[in-house]
Amino acid sequence: MPGLYLAGLVVSLVGMTVLDARFRLFFWRAPWRAAAVMTVGLGFFLVWDVAGVASGIFFIGPQHLLTGVLLAPEVPLEELFFLLLLCYSTMDLVGFVRPLVQRTTERRRS
């Protein structure tokens, strides 16, 4: 069923956005800084993908779940959404863990 993987990625991105909005973890804490971090992370991983494709390491496998839209040779549209989800979930996790680490550090100092 074409597009199923993209649909799953979009649903996951919506879930990450809801968590972010609810707990003010990343974009809802500092939108401009979050946009810059997301852009740098996405750019890094897209360059990584291009290098992997050029060296023959990355390639598109079975495509029965993909839309068939390619951003570049061997880079499907779903890759962009996957990288967005990867960066977003990582930064939400950092936003969640940082206060916990700070509280633990403050308790040890007391």
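**Group meeting talk: how α1 packs on α3**

Okay, let's start with who meets whom: in α1, Tyr5, Leu6, Leu9, Val10, Ser12, Leu13, Met16, Thr17 and Asp20 meet Leu77, Glu78, Phe81, Phe82, Leu84, Leu85, Tyr88, Ser89 and Asp92 in α3. Contact here means heavy atoms within 4.5 Å. The residues of this contact divide into twelve nonpolar, three polar and three charged. Nonpolar covers Ala, Val, Leu, Ile, Met, Phe, Trp, Tyr, Cys and Pro; charged covers Asp, Glu, Lys and Arg; the others, Gly among them, are polar.

Before I go on: this is a predicted model, where local features need pLDDT of at least 70 and side-chain atom pairs count only at pLDDT 80 or more, while totals for chains, interfaces and linings use all residues. Numbering runs from 1 along each chain as its sequence is written, and side-chain values use heavy atoms, with hydrogens and water left out.

Helices are DSSP runs of H or I, at least four residues, and strands are runs of E, at least two, numbered from the N terminus. So how do α1 and α3 cross? The axes of α1 (residues 4-23) and α3 (residues 77-109) come within 10 Å and cross at roughly 25°. Those axes are lines fitted to C-alpha atoms over the stretch in contact, with angles from 0 to 180 degrees between N-to-C directions. The two helices are therefore roughly parallel, a label for angles under 35 degrees. Their crossing is left-handed, meaning the near helix is turned anticlockwise from the far one by less than a right angle.

Now the largest nonpolar core: nine residues, namely Leu9, Leu13, Met16, Phe26, Ala34, Met38, Leu85, Cys87 and Tyr88. A core like that is a set of buried Ala, Val, Leu, Ile, Met, Phe, Trp, Tyr and Cys residues joined through side-chain atoms within 4.5 Å. Buried means under 20% relative accessible area, exposed over 50%, partly exposed in between, using a 1.4 Å probe and protein chains only. Helices α1, α2 (31-54) and α3 each supply at least two core residues. Not counting residues up to four places away in sequence, Cys87 touches Met38, Gly41, Leu42 and Phe45.

At 23% relative accessibility, Leu80 counts as partly exposed. Leaving aside neighbours within four places, Leu80 is in contact with Leu42, Leu46 and Leu71.

Most residues other than glycine have a negative phi. Arg24, in the loop between α1 and α2, has a positive phi near 50°. Glu74, between β1 (70-72) and β2 (75-76), has a positive phi of about 65°.

How values were computed
Angles under 35 degrees count as roughly parallel, over 145 as roughly antiparallel, 65 to 115 as roughly perpendicular and the rest as oblique.
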